[in-house]
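This briefing goes through one protein chain for a reader who is new to structures. Look at the sequence and the structure first, then read the points below.

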Amino acid sequence: MNVSTERLNVEVERAVNIFAHGLESFYHDNKNSNISLSPSLSCNLNGQSRWNKGDVIFRHMRSVAISAKPPSRPISFNLDGTLKDVEIHVMNLKHDHWEQIGIWEGNKLDIKDIVWPGNSPVPPPGVPEKFNLKITFLKEPPYVNLLPPDNETGECKTSRSIKCRVAPEHKLIG
């Protein structure tokens with residue numbers, strides 16, 4: 001996992017780039033010519049604490065699409081504001097350090113060897129060679145939001161290509 005200052009600078013530059021493109025889109029939209037983005041909020045405000053123009057700027061931010069030169073990835077967003085082209089690194093704790101053992105890109109997962117408990121290269125006895133990867137998480141708005149499953153199919157309502165289902169315990173499994 002790259003947590004260097006250089007990587008941080010790259011991510012900050014991407015965020016500022018997205019913000020600038022979103023603001024540019026907002027200001028070029030004639031419908032917004034008389035709209036101020038000033039939130040008019042303060043720490044002493046007892047009334048509304050929601051930025052009433054936040055939804056307007058959000059729509060412009062999520063419409064941002066930026067092409068990138070390799071090795072960087074292009075930037076574009078789903079309707080819910082999440083990043084479309086996601087890359088997730090799968091990590092394994094090996095002795096006293098983390099090692100990348102796989103990568104999730106698009107709808108494909110590539111994993112190399114895993115170090116099992118006891119620093120073994122093979123699973124403990126009784127663990128099948130083939131297994132399903134289960135991902136479990138807690139609902140933590142605004143970062144993780146859960147939608148009820150579709151009444152007809154029982155599958156999660158999602159615009160992603162990831163197939164998922166809701167387990168009897170109501171945990172989302174992908």
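A residue is called buried if its relative accessible area is under 20%. By that cut-off, buried residues account for 15% of the 174 residues in the chain. The model is predicted.

**Overall make-up**
- The chain has two helices and five strands as its secondary structure.
- Following the sequence, these elements come in the pattern α-α-β-β-β-β-β.

**The sheet**
- Three strands form an open sheet in the order β1-β2-β3, and their pairing is antiparallel.
- At the edges of this sheet lie β1, residues 87-94, and β3, residues 108-111, each of which pairs on one side only.
- From one strand to the next, the twist averages 30°.

**The pairing of β2 and β3**
- Strand β2 covers residues 97-105.
- β2 and β3 are joined in the antiparallel sense over four bridges.
- Which residue stands opposite Leu109 of β3? Trp104 takes that place.

**Surface and contacts**
- Contacts are counted here between residues at least 6 apart in sequence, and 27% of them join residues at least 24 apart.

Conventions: Residues are numbered from 1 along each chain as its sequence is written. This is a predicted model: local features need pLDDT of at least 70, side-chain atom pairs count only at pLDDT 80 or more; totals for chains, interfaces and linings use all residues. Side-chain values use heavy atoms; hydrogens and water are left out. Two strands pair if DSSP finds at least two bridges between them. Axes are lines fitted to C-alpha atoms, for helices over the stretch in contact, and angles run from 0 to 180 degrees between N-to-C directions. Buried means under 20% relative accessible area, exposed over 50%, partly exposed in between (1.4 Å probe, protein chains only). Contact means heavy atoms within 4.5 Å.
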